[in-house]
Amino acid sequence: MSEAFDCAKCSESLYGRKYIQTDNGPYCVPCYDNTFANTCAECQQLIGHDSRELFYEDRHFHEGCFRCCRCQRSLADEPFTCQDSELLCNDCYCSAFSSQCSACGETVMPGSRKLEYGGQTWHEHCFLCSGCEQPLGSRSFVPDKGAHYCVPCYENKFAPRCARCSKTLTQGGVTYRDQPWHRECLVCTGCQTPLAGQQFTSRDDDPYCVACFGELFAPKCSSCKRPITGLGGGKYVSFEDRHWHHSCFSCARCSTSLVGQGFVPDGDQVLCQGCSQAGP
């Protein structure tokens with residue numbers, strides 16, 4: 001009498017039938033699938049022992065059910081992304097969730113190097129200086145009316161230039177005759193002393209410090225022989241071809257100020273009315 005050879009679950013004879021051997025004994029195919037097979041997360045059917053099974057994050061799928069939830073493309077041998085528990089092929093994910101490069105219009109693929117600024121996105125190799133057209137990468141740049149410039153190009157194109165040396169002013173500077181100057185370029189034409197922050201004047205568009213202007217161009221006081229510059233509110237008196245500081249215009253004998261008073265010229269001197277009438 002032959003030994004019994006039955007299914008470990010339903011106890012039906014396995015003679016002449018297909019079966020699957022396990023550590024717990026042999027199982028007929030239906031009992032094996034019902035006992036050990038996983039349920040497909042997509043179609044909710046059992047994944048039979050003879051089916052190719054795929055799984056992702058504790059979810060199991062028939063090979064044919066493992067597909068993009070949007071285009072139904074098989075993901076069995078394709079890269080994919082999970083978004084809110086939905087499986088997406090790379091094309092659908094990029095179309096729905098990836099940014100478009102503001103320069104070339106192509107999709108900025110997940111994981112690729114990119115730059116973002118002002119709500120826009122660029123491939124790293126597409127974010128170029130509008131001047132020299134070199135990639136800006138991590139370099140400093142200056143935005144201007146939708147364009148982007150590296151610092152040297154921006155300075156060459158837009159930064160003011162010194163009226164003397166014609167080089168760009170990147171910071172600071174002073175204004176003279178409505179033009180920008182480097183502080184170190186605005187110097188006295190005579191002695192080369194820096195003029196920024198101090199009083200100065202000009203002649204024929206050339207700047208001069210007060211001392212040089214007085215020595216070179218100002219008339220000399222007939223009394224003290226020092227230059228009369230008229231700067232800083234200084235007042236002076238002129239008579240014929242002679243000039244005096246207000247403080248120097250006084251009677252040669254009694255030293256009374258003659259500013260606003262009558263006076264009498266006496267050779268190289270001026271006298272008040274009283275001293276003139278008194279005689280020599």
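Is Tyr 32 buried, partly exposed or exposed? With a relative accessibility of 21%, Tyr 32 comes out as partly exposed, where buried means under 20% relative accessible area, exposed means over 50%, and partly exposed is what falls in between (1.4 Å probe, protein chains only). The model here is a predicted one, so local features need pLDDT of at least 70 and side-chain atom pairs count only at pLDDT 80 or more, while totals for chains, interfaces and linings use all residues. Residues are numbered from 1 along each chain as its sequence is written, and side-chain values use heavy atoms, with hydrogens and water left out.

Aromatic rings come up a lot: the whole structure holds 20 aromatic pairs. Rings of Phe, Tyr and Trp (its six-membered ring) pair if their centres lie within 6.5 Å, and planes under 30 degrees apart are stacked, over 60 edge-to-face, and the rest tilted. Tyr 32 pairs with Phe 36 in a tilted arrangement, 5.0 Å centre to centre and with 40° between the planes. Both sit in helix α1 (residues 29-36), four residues apart, so about one helical turn separates them. Helices (H or I, at least four residues) and strands (E, at least two) are DSSP runs, numbered from the N terminus. Phe 36 is partly exposed too, at 38%. Another tilted pair joins Phe 213 and Phe 217, at 5.5 Å and 50°; Phe 213 is buried at 14%, whereas Phe 217 is partly exposed at 30%. Tyr 56, Phe 61, Phe 66 and Phe 80 make up one aromatic cluster.

As for the cysteines, the search turned up zero disulfides, a disulfide being a pair of cysteine sulfur atoms within 2.5 Å. The closest cysteine sulfur to that of Cys 65 belongs to Cys 40 and lies 3.7 Å off, which is too far for a bond. Cys 71 is likewise in no disulfide, with the sulfur of Cys 68 the nearest at 3.7 Å. Cys 65 is buried at 12%, while Cys 71 is partly exposed at 39%.

Thr 168 sits in the loop between α3 (151-158) and β11 (174-176), yet is buried at 18%. Beyond neighbours within four places in sequence, its contacts (heavy atoms within 4.5 Å) include Glu 155, Arg 161 and His 182.
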